[in-house]
Structures are given as structure tokens and as C-alpha cells.
Amino acid sequence: MSDKPRDDDGRLLLGLWQATMDASAMRAAAEMARLLSLDLHALFVEDEALITMASLPFAREIRLTTQTWSKLSSEDIEAQMHVAALRAQRLVNEAAKAVGIASAFEIVRGDPAACIATVCRASDILVVTERGRPSLPAGAALPREAQEASAHSILLLPERPAARRGSIVAVPADARDPALDTACALAAATGEDLVILLAPGTTPEAAREAVDRARAAGLEQQRIATRLVHGEEALGWFATMTGLRERLIVIGGTSPLAAFASRLVAVRNVPVLLTRA
Amino acid sequence: MSDETTNPHAMPAPLAPPQLYRAADLSGLAFETTADLAPVPRLSNQKRAHEAIDFGAGITHRGFNIFVVSTSGARAQQAVKSLLEEASATRPPPQDWVYVNNFAAPQRPLAIALPSRRAPVFQKAVHDLIEDLRLSLPALFESEDYQKRRRAIEQEVQAKNEHAFAALSEKAAAKNIAILRTPMGFGMAPVRNGKVVPPADFNAWPEAEQQATRDAIGELEKELEETLRSIPRMEKEQRDAVRALDRETASQAVAQLFVQLRAQFEDLPAVLAHIDAIRTDLLENLPLLMSAEAAEPGAMQAAMRTGGPFGRYEVNVVVTEVDHSPGAPVVEEPHPTLANLVGRIEYLQIQGALVTDFRLIKAGALHRANGGMLLLDVRSLLTEPFTWPALKRALRRREITIEDAGRFMGFNMTVSLEPDPIPLDVKVVLFGDRLLYHLLSTLDPDFTEEFKVLADFDDDTDRSPAGEAMLACMIGDIARGEELLAFDRGAVARMVEHASRMAEDANKVTLLAEGLHDLLVEASHLASTASRKVVTRADVDAAIARRIHRLSRVRERSQEMILRDIALIETSGARVGQINGLAVMGFAGYAFGHPSRITCRVRPGGGKIVDIEREVELGGKLHSKGVLILSGFLAGRYALDTPMSLSASLVFEQSYGGVDGDSASSTELYALLSALSELPLRQDLAVTGSVNQHGMVQAIGGVNDKIEGYFDICASRGLTGTQGVLIPASNVQHLMLRQDVVEACAAGRFAVYPVHTIDEGIALLTGRAAGERGGDGLYPAGSVNRAVEDRLRQFAEVAKAARKENDGEKSSGKSGEKST
């Protein structure tokens with residue numbers, strides 16, 4: 001495990017439990033932590049509901065690999081969780097080491113949503129992986145965690161994010177949205193261009209202000225582009241992004257697009273950072 | 001001619017100087033120096049060989065490959081090569097050949113023929129296509145449109161998945177059951193208020209409620225089972241759909257590229273088939289290629305020279321006309337190892353393992369010469385393992401199969417390739433000497449099947465005015481070719497005379513340019529060192545003398561031994577049963593003659609002549625034959641009415657090396673006749689020549705060297721005017737003696753005697769006539785032959801008496817004792 005991060009620093013909080021995160025998503029999370037100058041904090045939650053289930057006299061599980069039923073005891077489930085935690089820890093360490101950031105790995109027991117809500121600080125960004133491997137999902141856990149942590153910024157990762165170069169897309173609610181500052185910082189860190197999507201009805205002055213803020217953040221004029229969205233519906237937003245080849249989308253928490261963040265991840269297959277003020 | 005037709009009393013007269021050396025006559029050739037001489041048309045002096053090469057090169061039937069027999073080595077090879085290149089330049093160029101990947105069986109690469117010069121075009125076109133694909137395909141698969149369609153497929157399957165699971169979850173929830181994901185799979189548990197019911201609470205439930213929950217879970221488990229079972233099928237459906245999308249996407253993107261590629265090779269069905277195979281394979285393996293391409297770092301790729309995953313589509317040009325001059329190729333392979341001949345498969349060591357593919361197939365000389373001519377030195381070919389059989393196999397099967405010597409020897413155990421054989425249409429020209437030609441003809445039955453044309457180069461040519469003129473022009477060619485100084489008339493004449501000496505014949509000149517070349521270079525060097533612009537006769541003489549001097553250490557030591565009386569050779573006086581023979585020694589291409597004493601002792605015996613050299617196994621077969629002929633001569637000429645009762649022994653005194661050849665047989669006969677007749681032989685004369693059973697003296701080799709060898713000894717001791725050498729008369733035409741020998745003969749201080757018969761020779765050696773059998777059947781009294789015959793009769797009498805005595809002893813029971 002890497003150096004323990006300072007308490008007052010923001011962290012990229014990675015919630016891990018019984019379903020281990022895909023290695024490529026883990027790498028993408030680590031890369032994002034580097035770009036945002038955050039430490040990577042992995043929280044492995046031993047779901048107490050599983051332990052309770054395993055204590056029931058008739059408890060058994062159907063295993064995905066063999067599609068056969070096996071009797072389950074609380075010892076079995078704890079052993080399985082231990083192995084899963086070790087594997088998750090190894091992946092976290094490798095991902096952090098690969099990008100050269102500090103990381104921490106913490107194991108807690110309880111309700112996953114409650115645990116994350118407890119551990120998550122105001123300055124943290126919570127990583128949420130897109131559900132949807134063609135295997136069965138782990139219930140409705142992830143949206144719940146995201147909802148529980150709705151006060152925090154959330155990094156939505158595609159299940160298998162494409163490792164590619166491309167512009168940073170900023171979707172601020174307005175020219176003063178901190179999401180724009182975050183996007184500018186990321187564009188500067190990555191050396192990529194910045195594309196600002198302006199909500200319908202944005203005035204030219206507001207647009208100019210947004211560009212000025214980006215320039216003030218150190219970006220050259222020729223690296224900044226704006227696109228005005230036509231239509232309030234998701235379709236309008238998505239249509240505006242046609243032809244873009246982006247590597248990351250940063251959405252302000254109060255932007256109309258924030259409601260479609262999860263869908264955007266699925267459609268564009270790139271990480272989406274949903275910022276909270 | 002028989003001995004009866006010659007005059008037994010005639011004493012041979014010494015040869016006149018013009019018979020000892022034939023000066024060159026260049027009066028018919030107008031030139032001042034070799035710079036004025038026209039070049040010699042190539043192989044104009046080798047008409048027979050020239051015709052054979054023309055025939056062999058022109059005939060297309062199987063097996064008419066050419067074997068060039070020549071002792072002039074590289075120069076003949078160069079001349080033949082130039083001739084063949086001229087002939088090949090006007091012939092149609094052969095096809096190009098490429099090796100490409102066999103997608104169905106990669107270990108068996110496919111060979112494809114293309115018209116001349118189109119293989120590099122095909123290679124570049126495919127390479128460009130690959131480069132285009134490497135750049136465009138990743139972008140294509142990252143395009144928004146593709147990603148959108150792919151996500152749609154994945155989401156559709158995922159939605160089905162989720163729908164099924166959601167429905168099950170809802171059904172479970174309605175029964176207060178939760179489906180929970182465990183690290184290994186799924187489990188079910190009763191829930192109350194969103195929490196899993198702890199065991200204690202569950203156990204507190206009424207039995208009926210517990211049972212109902214168990215039953216509900218049991219039913220749901222069956223449905224969960226069914227749902228999970230459908231997942232692999234849906235995943236497969238998704239994979240198939242994504243693959244179809246990949247294929248469709250790529251197919252549309254690459255279609256135009258392939259149409260353009262095909263258009264360039266519409267006339268070549270095999271090429272079109274391969275282009276189609278590339279397209280099929282590309283579409284089939286697209287995801288694999290893309291992921292491999294992304295995973296393989298460029299540096300590693302360069303280091304491994306594997307060309308990345310797209311390398312499988314490259315084209316390996318094995319042979320193309322671009323590699324040689326226009327027309328049919330004429331290829332010379334100076335180092336015909338198996339790999340250099342039939343090609344090879346190279347390997348790369350990657351992470352400790354040897355790997356190869358069709359791109360590492362390298363052409364051999366047969367590939368490069370296919371459709372033209374391949375020139376090989378047969379000695380080099382035969383000394384390389386596996387190559388001769390491989391060449392014969394290729395010619396017999398008319399195809400080139402790449403064979404790996406390492407595999408034959410069991411050195412190479414790694415997986416290798418079996419490339420398609422390439423049809424072979426080549427004319428092989430082997431260069432070798434006569435011995436090799438005859439050995440191959442005799443010992444290898446396949447040889448004459450495959451090499452039906454013999455181009456036999458003459459080593460010499462007639463020394464007619466035309467022949468001398470041709471040689472003069474040839475000297476001019478060498479001088480020009482080597483950028484030597486020009487040679488004046490005197491120098492050229494001396495070179496012609498030396499060429500005659502090299503041919504060992506006053507009526508021939510050598511055609512072995514190599515020997516002439518070295519002398520010309522040295523003579524030019526001497527002239528140049530002396531700041532002369534033209535090479536003169538004196539320079540050539542000096543060059544010859546220096547060359548001889550450099551090689552003369554052994555000769556001088558041999559002469560020194562004689563002059564210090566360590567090797568006993570008398571050059572004056574007369575001795576019974578002792579004569580000076582002449583032998584030739586060779587050293588590093590230089591031969592010299594030296595005298596050797598031959599002695600003979602006789603006594604009554606069983607008619608046997610003992611060749612001591614043979615008895616101690618120092619005599620060769622030819623020498624033994626010569627000695628046996630002496631018995632035939634004696635038996636046929638002397639004491640015909642009595643049994644041969646002679647026992648004689650012949651020996652080369654102080655000879656410690658082997659003796660072979662029959663050139664001393666006349667000498668031995670003279671010694672034998674002297675021993676029998678007890679007439680002394682002159683020691684101031686030396687003798688060479690073989691003899692037949694009729695007493696005729698026959699030609700031998702090295703006559704010039706032998707005469708000069710004896711002359712040197714006599715000259716060192718002081719020429720007396722009586723010294724000389726007896727040579728076969730038939731060797732007179734071979735005389736090209738050194739100038740000092742000729743001058744001594746002209747001054748009467750030395751002599752060379754041509755001898756036709758033994759009678760002539762013995763008369764000269766003994767000073768007494770040989771004698772001719774008279775009407776009374778007897779040789780004249782006082783003649784050599786009479787003395788010999790009388791001695792033989794005497795021996796017969798002795799032998800007869802001895803036999804009688806022996807018989808008497810046997811009848812009186814005294815057998816077992818030997819008579820003397």
C-alpha cells in the first residue's frame with residue numbers, strides 16, 4: 001500500500017465490495033486521481049447482509065463459474081470476502097503505482113451505502129462504475145450509493161473505458177460553475193483541448209465569460225472551443241456532442257445534463273465527472 | 001616400325017640448335033607493342049568448348065546441363081560467364097517469385113509467381129494497404145458511429161439481462177426475499193424492512209412461516225438457475241453480434257482499398273486469390289489484430305522484427321528481376337552451401353525461443369538463377385555437405401525445395417516451415433577439372449543424366465603462325481585487362497616461346513592464361529621498376545629467371561648433393577652395369593630434372609629381373625610395368641633356343657622416395673645389357689626414354705627439365721664436350737631448352753642425342769655397335785648383342801648343370817638342400 005493520504009486532502013474514493021472492479025476501470029480511476037491531484041482511497045466493504053444470509057440454516061449460493069448450488073456458512077462467506085479484498089487491494093496498489101500516486105486501502109464491515117456515506121468527506125470524489133457487464137448485476141447497490149453520496153462529486157466510469165486521447169468536455173451550469181474550473185485544470189494537466197458545451201439560452205456574454213475563465217486558467221485561445229446546445233432534452237445534448245472525440249466529460253451538478261450523466265457514460269463510453277458545488 | 005628396319009650400327013648425331021629451341025615467328029603479325037593488337041574474340045581458341053556451351057545454353061530439354069572441364073580455373077569461368085551473359089541478355093526475363101502467408105496452414109507458406117518486376121510492386125501495394133489499415137482501422141473502431149452501435153448491442157443484451165434479473169428480483173421482493181450477490185455467485189435470504197432476517201429471528205418464526213419462506217426460496221432458486229443459464233447464451237449472442245458489427249464496419253471501410261489493390265493485379269489469378277484471402281482473414285481476425293496491435297509496443301516490435309499482427313499480410317519477395325541485369329539471370333555462387341544453394345529459413349530468437357514465419361524465407365542461388373543460368377565450381381559443390389544431392393534432387397524434380405541442414409543433422413528441433421516448392425527451370429553450368437568429371441561420370445549414375453553436355457577446354461593449341469598470333473593477341477588482352485605496360489615484339493615473342501615451353505611442346509602453345517598472366521604481371525613490374533614504358537624480352541627473361549630462382553631451393557639442394565658427391569653421379573668415365581637416368585621432381589608448380597644413378601647386377605637364375613624399387617614398395621605400377629617389359633625384350637631377342645636363366649636386380653641408387661613412370665625403362669635396359677655384356681657404359685651421358693618389347697625407344701614427359709637438370713650438373717663440374725643426354729627421337733619435337741643449354745650444344749660443349757632404338761642407344765653408350773643377327777643366326781663377334789647372348793647362354797648352361805645336380809641329389813634322397 002502507498003503512503004497514507006492526509007486527512008484534509010481530497011480523495012478519489014473507490015467503493016469496493018463483493019463485486020470486484022474491472023482492472024481497466026481501476027486504472028482509469030487511478031489516472032483520474034492523478035489528473036485531479038487526488039489520492040486514491042479504496043474502501044472495501046464487507047456487506048453484513050451477506051454474513052447474515054450465510055448464517056441462515058438453509059443458506060446456499062449458486063456459483064457463477066459452475067452454475068451449481070453450494071451450501072453456505074458465515075465462515076465460507078468471510079473467507080470469500082477476504083480473498084476478494086486481497087485481490088482488490090492488489091489491483092488498487094498496481095493501478096496507483098502505475099500512475100505514481102498515493103493510495104490507501106481500507107476494509108470495513110456494514111451496509112455498503114452507509115459505510116461509504118460515513119467515510120466519504122466533502123472534498124472527496126466518489127467513483128461509481130457503470131453497471132452492466134453481461135453478467136448479473138449486484139442488485140441496485142451502485143445507484144443507491146451514488147444517491148446516498150449525492151452531496152459529493154461523483155466520477156462515473158464506464159465498465160471498460162477506452163484509453164484514448166481527446167478533448168476535455170465541460171458542461172457547466174453557467175459560466176461561474178466550478179465544474180468549468182475543474183475541466184480547465186484537467187485540460188491543462190492533460191494538454192488536451194477544452195470544449196465547453198453551453199446550455200440552451202446561454203447569452204453571448206455568458207459564453208464569452210466562460211471562455212475568459214478558461215483563458216484565465218491558463219489555456220490558450222486556440223485550445224478552447226464552445227458549442228451551444230439546442231434543446232433541453234438529452235437528445236439535444238447528445239446531438240451537440242456528435243463528432244467530438246473526448247476523453248472526459250465534466251458536468252456541473254446543477255447542469256440539466258447531470259440528470260443524464262449515467263446514460264451519457266453508456267453512450268459515450270468515457271468517464272463522466274459530476275461535480276457538486 | 002620394328003627394330004629390324006633400323007640400322008643397328010648407326011650412331012645418333014647430336015641435335016642442331018634449331019631443333020633444341022623453336023623461336024617464335026611473329027613476322028606475319030604487324031605490331032610494335034601489344035597496344036596495337038586487337039582483342040581475341042572470346043573463346044575463339046576453344047572452338048570445341050565454345051560450340052558445346054552454345055549448344056548446352058541453347059537446348060531446353062531436360063538434363064542438358066553443362067560441365068565445363070578446364071584447368072585454367074577462374075579465367076575460363078569468367079570467359080564462359082561473359083559468354084552466357086551475352087546470350088542471356090536477349091532472353092526473356094524470368095518470373096518473379098514471392099512467398100506469402102498461408103492463412104489456412106501458416107507452416108506451409110505459399111509461393112506465387114508474378115511477371116518480371118511485378119513482385120516489388122505487389123509487395124509495396126500490400127504494404128501500403130497494411131499501413132493504411134493500421135492507421136485507419138483503430139480510428140474506425142473508435143469512431144462515434146461504431147461505438148454507438150457497439151454500445152447499442154451491448155446494452156441490448158445487458159438490458160435483457162437486467163430485465164430478467166429485475167423481474168426475478170421483483171418477484172422475490174414480493175415474497176419478501178432478497179437476491180444477494182456473493183463474491184462467488186448469488187444467494188437468497190428472507191428480508192424484513194429492507195434487512196436480511198437474522199437467524200435468531202428466523203428461528204423464532206412460526207414453523208409454517210419458516211416453511212413457506214423455504215418453499216418460496218426453493219422456487220425462486222429454480223428460476224434464478226434458469227436465468228443464470230441464459231447468461232452465457234446471451235453473452236455469445238452479444239459476441240456474435242459485435243463480431244458481425246466489426247466485420248461489417250471493417251468490410252465497408254476496407255472495401256475500396258481492396259478494390260484498388262485487386263485492380264492492379266487483375267491479370268494474376270493467384271495474386272487475386274491471395275488478396276481475397278487477406279481480406280477474409282482480416283475481417284475474421286479483426287478484434288484479435290486490433291488488440292494485438294494496441295498491445296505491442298513499437299520498440300519491441302522493431303526489435304523483434306515481427307512486423308506486428310499485420311505482418312502476416314506482408315509479401316516476401318524471394319526473387320525479382322530487379323535483383324539482376326535485364327534478361328535471363330546468370331548467377332555465380334562461389335560458396336554453394338546448402339542454404340546458399342536452395343535457400344534457407346531464418347529464425348529470430350524471441351524470449352529464448354526460435355520463431356520463424358514466411359517473411360524469414362531467404363532465396364538461394366537456385367531461386368536467383370531460376371529461368372537463367374547457375375554457375376558453380378564443382379569442387380566447392382562437392383566439398384559442401386548435402387549440396388550435391390540437393391542440386392540433383394532439384395534438377396530431377398524441377399523444383400526448388402528449401403531444405404534445412406540443421407534438421408538433417410538433428411540440430412534444429414524447433415517448429416519450422418515447409419514452404420511451397422518453386423518450379424525450377426535453370427541451366428546449371430559446373431566448372432571442374434577432368435579428374436572430377438571422370439570420377440563423377442564413373443561413380444555417380446545421376447551425373448550423366450543431368451549433365452549431358454561436356455565443354456572440354458583445350459589446355460594448348462597448335463603453334464602455327466595463326467596460333468602464335470592468337471597468343472600474342474591474348475597476351476595483349478591480359479596486359480590491357482590488368483593495366484600492365486605494353487609488351488614489345490621481343491617480349492611477346494619470348495612469351496610465345498615460354499608458352500610453348502609451358503605446353504612442353506615446341507609445336508604447341510599453352511592456353512592456360514593463369515600461368516601467362518603471372519609472368520606478364522611480373523615482367524611489367526620489372527619494366528616499370530626500371531622506369532621503362534614498354535616491356536622488353538629482357539624483362540620477360542628476367543621475370544622467368546626470378547620466378548625459377550624463387551622456386552629453386554629444392555633444386556639447388558639436390559644439385560648440391562650431387563656436386564658434393566653425397567648423391568653419387570659420375571659425369572665422366574665408363575662403368576659396367578651403371579648408368580645415369582633422369583627424373584623430374586615437382587614443387588609448387590615448378591618442375592626440375594635431376595640425374596639418378598641406376599645400377600644392375602646379373603647372375604644365373606630363374607629368368608627373373610628383380611626390380612628392387614618394387615620389392616621395397618618404392619616403385620609405382622608404371623615403373624614395374626617398364627621393368628617387366630625388359631624381360632619381354634630379352635626373351636624375344638636373345639638365346640631363343642635356350643631357357644632364360646638370368647637373375648638380375650635393378651635399382652635406383654640413393655632413391656628414398658617413390659619412383660614411378662616408365663621413362664627410365666630404356667635406361668634400365670641399357671644397364672642390364674651392360675651388366676650382361678660386361679661392357680662399360682659412358683657416364684658422361686644421361687639417358688631418358690621408355691622402351692617397348694621390340695627395343696624401340698618411346699617418348700616420355702618432362703624432357704626439357706631432364707636435359708637441363710643433367711646439363712646443370714655437368715656445367716657445374718665443367719663441360720667436357722663429350723657430355724650429353726640421350727632422349728627418345730619422338731621427344732625432339734618437344735624441345736624448348738634453356739638458352740644456355742642451346743648455346744652449349746651449339747658450341748659443341750654438350751649434346752642431345754635423339755635415339756630411336758635400344759641398339760642406337762647402346763652403341764652410343766658403349767662405343768660398340770649393337771650388332772645384327774647374321775645369316776648364321778648369330779650376332780657379329782664383338783658386338784654388344786653377341787656379348788649379351790653369349791652371357792645368357794652361359795647362364796643357361798650353368799642353370800642346366802645346376803638342375804641336373806639337383807635332380808641327382810633328389811633321386812639319391814638328398815632333397816631339401818639348395819643348389820647355388
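**Exposed loop residues and the A–B interface**

Reader: Is Asp565(B) buried or exposed?
Author: Asp565(B) has 9 other C-beta atoms within 10 Å. With C-beta atoms placed from the backbone, a residue is buried if 20 or more others lie within 10 Å of its own, partly exposed in between, and exposed if 12 or fewer. Asp565(B) is therefore exposed.

Reader: Where is Asp565(B) found?
Author: This is a predicted model, in which local features need pLDDT of at least 70, side-chain atom pairs count only at pLDDT 80 or more, and totals for chains, interfaces and linings use all residues. Residues are numbered from 1 along each chain as its sequence is written, with chains lettered from A and ligands numbered from 1 in the order in which they are written. Helices (H or I, at least four residues) and strands (E, at least two) are DSSP runs numbered from the N terminus. Asp565(B), whose phi is positive at about 60° although it is not a glycine, lies in the loop between H22 (553–563) and S22 (574–576) of chain B.

Reader: What is the phi of Ser37(A)?
Author: Most residues other than glycine have a negative phi. Ser37(A), in the loop between H1 (23–35) and S2 (39–47) of chain A, is not a glycine, yet has a positive phi of about 55°.

Reader: Which element gives the largest share of the side of chain A that touches chain B?
Author: Counting C-beta atoms placed from the backbone and within 7 Å as contacts, 36 residues of chain A are in contact with 35 residues of chain B. The largest share of the chain A side, 5 residues, comes from H2(A).

Definitions and conventions:
Two residues are in contact if their C-beta atoms, placed from the backbone, lie within 7 Å.
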